[in-house]
Amino acid sequence: MGKILNEQIVSTQMLCKDVFKMTIRSEYVASNAKPGQFVNIRCGGLDAMLRRPISICDVNKSQNTFDIVIQVKGSGTEKLCSMCQGGVDIMAPLGNSFMIDDKHENICVVGGGIGTFPLLYLLKSSQSIHKTALLGFRNKESVVLEDKFRVAADIVEIATDDGSYGKKAFVTELLEETIVSQKPDIIYTCGPAIMMQKVAAIAEKNGISCQVSMEQRMGCGIGACLVCACKTQKGDDWGFSHVCKDGPVFWSTEVCWD
Amino acid sequence: MSNKIDLSTNIAGVQFDNPVIMASGTYGFGKEYSEYVDLNQIGGISVKGLTLKERKGNKPPRIAETPAGILNSVGLQNPGVESFITEDLPFLKNYKTKIIANIAGNTIEEYCKMAEILGDSDVDAIEMNVSCPNVKAGCLAFGTTPKGIEEITSAVKKYCKQPLIVKLTPNVSDIKSIATAAEGAGADCISLINTILGLAIDINKKKPILANNFGGLSGPAVKPIALRMVYEAAHSVKIPVIGMGGITSWEDAVEFMLAGASAVMVGTANFVNPTIPIEIVNGIEKYLERHGHTSLNEIIGKLELND
């Protein structure tokens, strides 16, 4: 269950241009957060009134801290990234979480850009024997947290759009290669919608279950205002689910990708 | 506190424990916020706008942030009035907060039918939304002329067992004539303002941010406009007025009451701070005490204009 908390920032560190990792001390979040959940964080001020939903990237239970990674996109995230110490007003942990099943021996995560971050805590939380991380970035400069992924997963493969690091490929191409060599029991994906749609299609073609973490502009973050709609299958019909409460994680087959 | 301060307010026979009511569309059916706030401490909740049949709502994005405000275009996603009564109302009735059913329709007949259905339910009042900017047919069209307001209000009033609140749109040139028309046609109360029609543009895509193109603006940006309209409306009618538009603090709420509102509605501010309703209630109480007042009647409509 989410709570309104006033917690302390431990540190804010730049990972690459416009991408910052913020570590926040919170016993409640550290002991309750599940992979895939997010925090709704208050930026302050009138030009960025709404809280910003940010995925939980990592949790350190022994230190009672958790990490979020923020990309500067506008005035709100810019303000957040400039906060290096002191208190921070958060609502957390919010949303549902990735389904982790110990029966899955072989899991694969597919992340793109800032979508890679929630997959780190998922990998760390999974007890699967074989874990693969396929990560896509724009270029070498935007590759972040690779060391952490290398610790959390058995295999880490990186693709960049321009080939300046790892393979010059789309991350979905890495997925197709991985499936040929070692078919995963489940795929988890987070990133641009077009990438996740492709991942979902590959998963379906190969008969692999797949969970996707969706993104949409949010208002309240707790399922009351209904703005963060995501078109999903509801029986024979369709309807709008809500990313903040029904998600952010959905089965890929639930989502109507049109 | 030395003097006993009475925060209750009576609106068309409904006694609210305090004047802070949650604005329709921002609070769902109360359940989500009940995990963060004690709903017993809130004067009332106007529930998410209801239609006769389920509505799926508009395509996303449904929200855009603008300076000191938000633009939304949800398009009245709701399960339908009957589902609300059986599935959602029982939960709300566990609390002493007063429940206002907000209704919207495409035709006058739909509004009448909903008022009739709600007549047999436990809702305390009906708020008729004739001001939603986000749906294609009906709704807003009824609310923009005195004649339209008169026609729909007098028709729906006949089917109402509970007090009828008419929610007015600010997207009109003369709010006074609209307010007077609602009163003349039998409204028990008016609430205003609904959102102001607006537009936000993504300059890189050269497209509107909202999938539905236009949306309703709310938040602090609209407050001065809302205050002026509440003042004008309250000074044109004898029925109570519920004021809203950008209230984010107890000071804002007091301003609305001084302008003539018997109660206030809080919407967008809940997204930022879910405990804001309680802070507003406490702030109003302390304000009354500081000024030596014992009841809200001593501040409602007590604004004195400069000569």
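## A loop residue in chain B

Gly219(B) sits in the loop between strand 14 (214-218) and helix 6 (223-234) of chain B. The model is predicted. Gly219(B) counts as buried because 27 C-beta neighbours lie inside 10 Å.

Which residues touch Gly219(B), leaving aside its neighbours within four places in sequence? Within chain B, they are Ala68(B), Gly69(B), Ile70(B), Gly246(B) and Thr268(B). Met49(A), from chain A, is in contact with Gly219(B) too.

## Recorded binding site

UniProt, in an unreviewed entry, lists Gly219(B) under the feature "binding site". Gly246(B), Thr268(B) and Lys167(B) are among the other positions in that record.

Lys167(B) lies in strand 9 (residues 164-167) of chain B. Lys167(B) counts as buried because it has 30 C-beta neighbours inside 10 Å. Leaving aside neighbours within four places in sequence, its contacts include Glu127(B), Asn129(B), Ser191(B) and Asn194(B). Asn129(B) is also in the UniProt "binding site" list.

## Where the chains meet

The contact between the chains takes 27 residues from chain B and 23 residues from chain A. On the chain B side, strand 5 (63-66), strand 6 (69-72) and helix 8 (269-272) each supply at least two residues. Helix 8 gives the largest share, three residues. By type, this side has 14 nonpolar, eight polar and five charged residues.

## Domains of chain A

Chain A is assigned domain 1 (3-94), domain 2 (106-213) and domain 3 (215-258). The C-alpha centres of domain 2 and domain 3 of chain A are 23 Å apart. Eight residues of domain 2 are in contact with eight residues of domain 3. Helix 6 (193-205) and strand 12 (209-213) of chain A each supply at least two residues of the domain 2 side. That side holds four nonpolar, three polar and one charged.

Technical notes
Residues numbered from 1 in each chain as written. Chains lettered and ligands numbered in written order. Predicted model: local features only at pLDDT ≥ 70, side-chain atom pairs only at ≥ 80, totals over all residues. Contact = placed C-beta atoms within 7 Å. Helix = DSSP H or I, 4+ residues; strand = E, 2+ residues; numbered from the N terminus. Nonpolar A, V, L, I, M, F, W, Y, C, P; charged D, E, K, R; others polar. Domains from an automatic or database assignment. UniProt positions renumbered as here; feature names shortened; annotations may be inferred. Buried ≥ 20, exposed ≤ 12 C-beta atoms within 10 Å, placed from the backbone.
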